Amino acid sequence: MAIDIGGTKIAGALVHPDGTMTATTRRPTPRAVDAEGVMAAVAEVVADLSASPLWSSAVRCGIGSAGPVDTSRGTVSPVNIGAWRDFPVQQRIAAELAVRGAELPTVLAGDGVAMTAAEHWLGAARGHANALCMVVSTGVGGGLILNNQLHPGPTGNAGHIGHISVAFDGEPCVCGSRGCVESIASGTAIARWARDQGWTPPTGSGPGTAGDATAAGVAAAAAQGDPIALAAFDRAGRALAAAIAASATLVETDIAVIGGGVAAAGDTLFGPIRSHLAQYATLSFVQELQVVPATLGTHAGLIGAAAAATMLLPPSASSESASSA
């Protein structure tokens, strides 16, 4: 059983051992409600899943959520769900399952860790024992596979590459540090830097086209050869390359998989990353480091929640363990 909680939608599915999904359902993430209002939408997703004839066949439940998360306590404080601060989502979902006759072991994973589990199971990191996977979107997150195991860390935040500092004299980051990858390479940062340098989108409307002042608009301008737009993506690619090389040097990953909305820019982003990587990944054991796009797209959240449950919960976990979730 997989539940994916984000700022725009709450989704659920029953996921088979081969990664196929059935009984998929979703609700919009409620706005202008309290914590219980958001939880009510989660409960509706669980109710939809419980109507499936396969409900009783589920053996574990994975919960993927936007962060910050604290998996040691089963709580979440998503930046884009203001009503939830230290919300005990794992305990509440376990209780909701139990009410519907499914006393399952549950596990919570941040969305970057879930995406990592998904890409290692069925995506671009499949077959790699050591991998870094990243989501480059409004923010920059990630996760690690080490020795074929998902490595979420004590609180579920290991691999959070967005807050590695790559610019000693860089601008302040919202996290309180300075020069973080996220403050340079997120979609928000790319668009802000381009506008600060004098870039303006052509008049008109439409995502990634005329009038689009977001990173998608900057990417479209870069594809047309706009020098400021190209510089914005070169700057972002350099920051990502430095962080990828530092991570690979630290734990000897041999592949970096990048997903998220900014990765949709394709070679506009990946070209600069690969070009700059040669400057940073210089030691012999990281010189063959690959940087590739993620392959699972919008399915990564649900597949990742299921994969995280498979990787983080013991195979012999029984229904009794749900009571301690």
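**Walking through the predicted model**

Let me start with one residue. Phe-87 has a relative accessibility of 6%, so Phe-87 counts as buried. Buried here means under 20% relative accessible area; over 50% is exposed, and in between is partly exposed, with a 1.4 Å probe and protein chains only.

A word on the source. This is a predicted model, in which local features need pLDDT of at least 70 and side-chain atom pairs count only at pLDDT 80 or more, while totals for chains, interfaces and linings use all residues. Residues are numbered from 1 along each chain as its sequence is written, and side-chain values use heavy atoms, leaving out hydrogens and water.

Back to Phe-87. Which residue's ring does the ring of Phe-87 stack with? First, the rule. Rings of Phe, Tyr and Trp (its six-membered ring) pair if their centres lie within 6.5 Å; planes under 30 degrees apart are stacked, over 60 edge-to-face, and the rest tilted. That rule gives 1 aromatic pair. The partner is Trp-84: the ring centres are 4.4 Å apart and the planes are at 5°, so this pair is stacked. Trp-84 is buried too, because its relative accessibility is 0%.

Trp-84 also leads us to Ser-77. Ser-77 sits in the loop between β6 (75-76) and α2 (89-99). Helices (H or I, at least four residues) and strands (E, at least two) are DSSP runs, numbered from the N terminus. Leaving out residues up to four places away in sequence, Ser-77 touches Gly-67, Pro-68, Trp-84, Arg-85 and Asp-86. Contact means heavy atoms within 4.5 Å. With a relative accessible area of 16%, Ser-77 is buried.

Now the strands. Take β4, residues 61-65: 5 of its 5 residues are buried. Side chains in a regular strand alternate between the two faces of the sheet. In β4, Cys-61, Ile-63 and Ser-65 point one way, and Gly-62 and Gly-64 point the other way.

Which strands pair with β4? Two strands pair if DSSP finds at least two bridges between them. β1 (residues 2-5) pairs with β4 in the parallel sense, over 4 bridges. β7 (residues 106-110) pairs with β4 in the parallel sense as well, over 5 bridges. Look at Gly-64. Gly-64 is the bridge partner of Asp-4, and Gly-64 stands opposite Ala-109 in β7.

β7 also holds Thr-106. Thr-106 counts as buried because its relative accessibility is 5%. From Thr-106 to Gln-290 is 184 residues along the chain, and their C-alpha atoms are 33 Å apart.

Next, the cores. A nonpolar core is a set of buried Ala, Val, Leu, Ile, Met, Phe, Trp, Tyr and Cys residues joined through side-chain atoms within 4.5 Å. The largest has 41 residues, and Met-134, Val-218, Ile-244 and Ile-258 touch the most other members. Elements that each supply at least two residues include β8 (131-136), α6 (215-223) and β11 (255-259). α7 gives the largest share, 10 residues. Apart from this core lies another, of 27 residues, including Ile-10 and Ile-63.

Last stop, helix α9, residues 300-312. Its 13 residues reach 17 Å from first C-alpha to last, close to the 18 Å expected. That expected span is 1.5 Å times one less than the number of residues. Is α9 mostly covered or mostly open? Covered: 10 of its 13 residues are buried. Among them are Leu-302, Ile-303 and Ala-309.
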